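Thank you all for coming. I would like to take a few minutes to walk through one structure, and please keep the display open while I speak.

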Amino acid sequence: MKKNDEIELLIEDMGADGSGVGRVDGMAFFVKDALVGDRVRAKIVKLKKTYGFARLLEVTQPSAYRVEPRCPLHRKCGGCQLQALSYEKQLEYKERKVRENLERIGGLDLDGVTIEPAIGMAEPYRYRNKAQFPVGADKDGNAAAGFYAARTHSMVPVDDCCLGVVQNKEVMRRVLSWMRQYGIAPYDERTGSGLVRHVLIRYAFRTKQLMVCLVLNGKKLPQADALIRGLAEIAGIANISISINQQQNNVIMGDTSQTLWGQDYIEDWIGDIKFQISPLSFYQVNPIQTEALYGKVLEYAQLSGTEVVWDLYCGIGTISLFMAQRAKQVYGVEVVPQAVADAKRNAALNHIANVEFFEGRAEEILPSYYESNHPDDAQHPQVIVVDPPRKGCQQSLLDTIVRVQPQRVVYVSCDPATLARDLKYLCGHGLEVRNVQAVDVFCQTVHVETIVLLSHKSPDSV
Ligand code: SAH
């Protein structure tokens, strides 16, 4: 076998990035856009010792799990790696991804662990409350919003991304027609010229408020009045703003934002807690599944009202505020100063007083609190929740968690591989996994959110 050879194979599995995996002569081949159950013809593009990559030429016999993707651009865009796979099978894929990581990377024996079926959505489309459309020139040089075509600098227009809300379409139509009418130049990533880089749209599912923020490569927005007139006609619009980012990088938002019209924020609710969200605030993107996720965190935390709880990596304090209603005291830790400020503001907004937020690294704050201060028993935590970014927790933090000995640890993770690595450490130091729950927060993509409940090894299992 060599590069450019054509092969035929049955796809038996799907890899971490959603590629189909099949075998030819004992070699595993990864084939993008092929689905489990497909029989395909493909061309070898790269060969390694025991595996290779092949480009899909033809699906000769489609998988029984193939469905008609809603988005005609889904293969080109690449944002929804699983859109052609039936939703049921997507959930199965995610559940298995979690299980395999825990077994292979975590070395965990899952007998005796309750693995609950993944929580999916009744309607796994139009779930995102936030869209960030890149703006550029299409192949004819007109202002367009969408994604860059592979290996080019021209924008493939996306008229209606079906993960986002229907309101996005009208907002983008008005922004783009305003740009064309007044000759406002789209950003050009090659030269760093042009003005409008991105359009951020946020929609609050409960209050139905809309935010539109234009990210600019420049300090002033010409013809702002005309833009505002057009956007203000859209129902629910509550904030029109700009954020200035003149750096030539792939960061989307600038460091600050400025309101052009309306309030400085939109408001939304998660459960019975209200949040003010400004253009730069972090906020969960799938509000429906966030409630399911936080509900599960509460269930695993088993709070009765007497507990001291830590919420590490707390962001704007969403999980902290959720738990504060059921605990004696909650401490949140977050490294981004603006997020800590938002967390404090949200606590005040909801009149929640039994929560305190610390700005800093979880791996520094928790050890210094427990190992230098020696707090009394009344401050000993019963529950520690961690919700780290993809890279997971530092070992020094895990080590402190082991030494502090809370009754329960709830680990919320957006990357099953680093989750498994961290669980391996915790389980090697006296903790045991009790429950595992995958939640489908990013439907149609390969990403999965997992919640794990750990507690101390029972004496008979040592
Ligand atoms: N629990 C929150 C946010 C989770 S995202 C929610 O559900 O909304 C992870 C958060 O961890 C981000 O806000 C990020 O800024 C923060 N973070 C990253 N590294 C950190 C560290 N070492 N210590 C504390 N927070 C950190």
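I will begin with the ligand and then turn to one helix.

What we have is a predicted model, in which local features need pLDDT of at least 70, side-chain atom pairs count only at pLDDT 80 or more, and totals for chains, interfaces and linings use all residues. Residues are numbered from 1 along each chain as its sequence is written, and side-chain values use heavy atoms, with hydrogens and water left out.

Around the ligand there are 17 residues, the closest being Q284, Y294, E334, A362 and D387, where a residue counts if one of its heavy atoms lies within 4 Å. A polar side-chain atom of Q284 is 2.8 Å from a ligand oxygen, while an N or O atom in the side chain of Y294 is 2.7 Å from an oxygen of the ligand. Of the 570 Å² that the ligand exposes when taken alone, the protein buries 86%, as computed by the Shrake-Rupley method with a 1.4 Å probe.

Why do we call α10 largely enclosed by the rest of the structure? Because 9 of its 12 residues are buried, meaning under 20% relative accessible area (1.4 Å probe, protein chains only). Among them are P416, L419, L423 and C427, and the buried residues of α10 pack against elements including α2 (87-104) and α9 (395-404), with contact meaning heavy atoms within 4.5 Å.

Note on methods:
Polar contact = N/O pair within 3.5 Å; in protein donor to acceptor, adjacent residues only side chain to side chain. Buried < 20%, exposed > 50% of the residue type's maximum accessible area, 1.4 Å probe, protein only. Helix = DSSP H or I, 4+ residues; strand = E, 2+ residues; numbered from the N terminus.
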